[in-house]
Amino acid sequence: MKIGVPKEVKNNEFRVGLTPESVAKLVNFNHEVFIQVNAGAEIGFLDSDYKKVGANIVSSAEELYAQSELIVKVKEPVPEEFKYLRNDQTVFAYLHLAGDPVNGLNLTKTGVTGIALETVTADDGSMPLLSPMSEIAGQLSFIVGSYFLLKPNRGMGTLIGSINDLEPRTITIIGAGVAGTEAIKKAIDNRAKIKIIDLSSEKLNLLKDRFGNKNIDYIISSESSIEDAIKESDMVIGAVYVIGKQAPKVIKRSMLKLMKAGTVMVDISIDQGGCFESSKPTTHDNPTYNEDGIIHYCVTNMPGAVPLTATESLNKATLPYILELANKGIETALKENPHLANGLNIQNGEIIHESVREALINTE
Ligand SMILES: NC(=O)c1ccc[n+]([C@@H]2O[C@H](COP(=O)([O-])OP(=O)(O)OC[C@H]3O[C@@H](n4cnc5c(N)ncnc54)[C@H](O)[C@@H]3O)[C@@H](O)[C@H]2O)c1
């Protein structure tokens with residue numbers, strides 16, 4: 001199969017769809033791999049590294065897309081890339097169609113087949129291709145939250161850490177999944193008081209078994225329980241997810257007034273439209289804004305801040321699926337692997353995935 005890896009075009013996005021190591025494995029199976037010039041250069045994957053393992057370096061996005069049947073990238077295609085997409089091509093990437101419905105519907109119209117990493121499933125009900133990036137975003141959420149709490153960064157001027165015998169500072173984390181769990185681990189390491197909120201008592205109980213009760217409250221999600229928690233918090237992390245859908249708005253704009261001035265809210269779920277009513281997408285260049293005295297951090301590609309780690313981690317997870325698609329052919333691979341088929345979001349101008357279709361149609 002002819003496999004193409006374009007250079008990512010989003011703000012500060014230096015991840016790349018395939019590492020040289022992954023390319024070597026695909027070339028071993030006699031697939032032809034095309035890499036856009038300098039696609040991995042910013043993270044030390046040079047064109048010469050790709051050439052050494054048998055890739056062809058092409059000089060432009062136009063040429064790359066023209067040559068390729070399967071496009072392996074990281075972030076969803078954006079309008080400047082739509083002109084290259086064709087009905088006989090498949091894109092394997094995060095698509096987040098419900099996060100930006102206008103972009104999602106326009107991408108659908110290109111006729112390209114789109115397999116979304118974030119809706120591929122596994123036997124245990126997990127999201128094996130979303131979770132590597134959620135792990136990273138969860139850890140980063142605590143790091144960026146702490147950074148923007150600093151006074152020079154316009155936060156309230158608190159340190160999440162163990163200081164003499166001062167009372168620990170409070171962090172609320174909404175969503176006890178992969179990203180939420182990583183945020184909890186960082187918060188525990190920094191001796192914060194943690195309020196973890198989820199709709200699922202089962203998830204909360206699993207976390208209770210794992211982390212115990214010391215300095216952690218496990219709370220069932222409701223408007224009033226969220227209100228109570230955020231009033232006391234220095235940092236609020238939103239990490240909810242409902243497969244393929246727009247993120248539920250767990251914090252209403254009116255609730256900001258209940259919070260302490262300079263609180264930092266990190267909306268990890270922004271790639272699915274955001275889970276705070278007051279969230280709007282931001283970039284690594286300009287990651288925060290202040291609304292009602294509350295610092296909002298809403299970067300849609302948080303793992304883009306650690307592109308080397310993120311590319312290596314993503315490739316570990318995606319390569320078996322890419323090999324399956326390439327070795328069997330797209331149609332057969334989707335037919336034989338129902339979990340991979342759950343990734344199929346768009347085909348022939350139609351939205352195939354049921355939850356994604358509902359989410360997009362409701363916003364039309
Ligand atoms: N911004 C970024 O760069 C970035 C990077 C990676 C992942 N993400 C996003 O992070 C989000 C979380 O991903 P994940 O892998 O941790 O998901 P997950 O499925 O592991 O966990 C999501 C949790 O949200 C809970 N939930 C759903 N609705 C809720 C509600 N109304 N109230 C409370 N809890 C609720 C679920 O029960 C579940 O425990 C996703 O939207 C994902 O796309 C963003």
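Start by colouring the two domains: their C-alpha centres, for domain 1 and domain 2, lie 30 Å apart. Domain 1 covers 2-120 + 307-363 and domain 2 covers 131-304, with bounds that come from an automatic or database domain assignment. What you see is a predicted model, where local features need pLDDT of at least 70, side-chain atom pairs count only at pLDDT 80 or more, and totals for chains, interfaces and linings use all residues. To find your way, note that residues are numbered from 1 along each chain as its sequence is written.

**Stop 1: where the domains touch**

The contact takes 21 residues from domain 1 and 16 residues from domain 2; "in contact" means that two C-beta atoms, placed from the backbone, lie within 7 Å. Select helix H10 (307-328) and helix H13 (354-363), which each supply at least two residues of the side of domain 1 that touches domain 2. Helices (H or I, at least four residues) and strands (E, at least two) are DSSP runs, numbered from the N terminus. H10 has the largest share of that side, six residues.

**Stop 2: the ligand**

Now click on the ligand. Which residues come nearest to the ligand? Of the 36 around it, they are Ser134, Ala137, Gly177, Tyr241 and Met302; a residue counts as near if its C-beta atom, placed from the backbone, lies within 6 Å. Helix H6 (131-148), helix H7 (178-189) and strand E8 (193-198) each supply at least two residues of this shell, and H6 gives the most, with four.

**Stop 3: the core**

Next, show Phe92, Ile173 and Ile237. Of the 102 residues in the largest nonpolar core, these three touch the most other members. Such a core is a set of buried Ala, Val, Leu, Ile, Met, Phe, Trp, Tyr and Cys residues joined through C-beta atoms within 7 Å. A residue is buried if 20 or more other C-beta atoms lie within 10 Å of its own, exposed if 12 or fewer, and partly exposed in between, with C-beta atoms placed from the backbone. H6 turns up again here, giving the most to this core with seven residues. Both domain 1 and domain 2 give residues to the core, so it lies between them. Zoom in on Ile173: leaving aside neighbours within four places in sequence, its contacts include Gly180, Ile184 and Ile237.

**Stop 4: Pro20**

Pick Pro20, in helix H1 (residues 20-28). Is Pro20 buried or exposed? Pro20 is buried, as 22 other C-beta atoms lie within 10 Å. Not counting residues up to four places away in sequence, Pro20 touches Phe45, Asp49, Tyr50 and Val53.

**Stop 5: the sheet**

Switch to cartoon view and trace the eight strands of an open sheet, in the order E3-E2-E1-E4-E5-E6-E14-E15, with mixed pairing. Strands pair if DSSP finds at least two bridges between them. Strand E3 (56-58) and strand E15 (350-351) stand at the edges with a single partner strand each, so one side of each has no neighbour in the sheet. Further in, strand E1 (residues 2-5) and strand E4 (residues 70-72) run parallel and are joined by two bridges. Gly4 has Ile71 of E4 as its bridge partner.

**Stop 6: two loops**

Finish with Asn38, in the loop between strand E2 (32-36) and helix H2 (47-52). Its phi is near 65 degrees, a positive value in a residue other than glycine. Then select Asn348, in the loop between strand E14 (344-347) and E15. Asn348 is exposed, with 10 other C-beta atoms within 10 Å.
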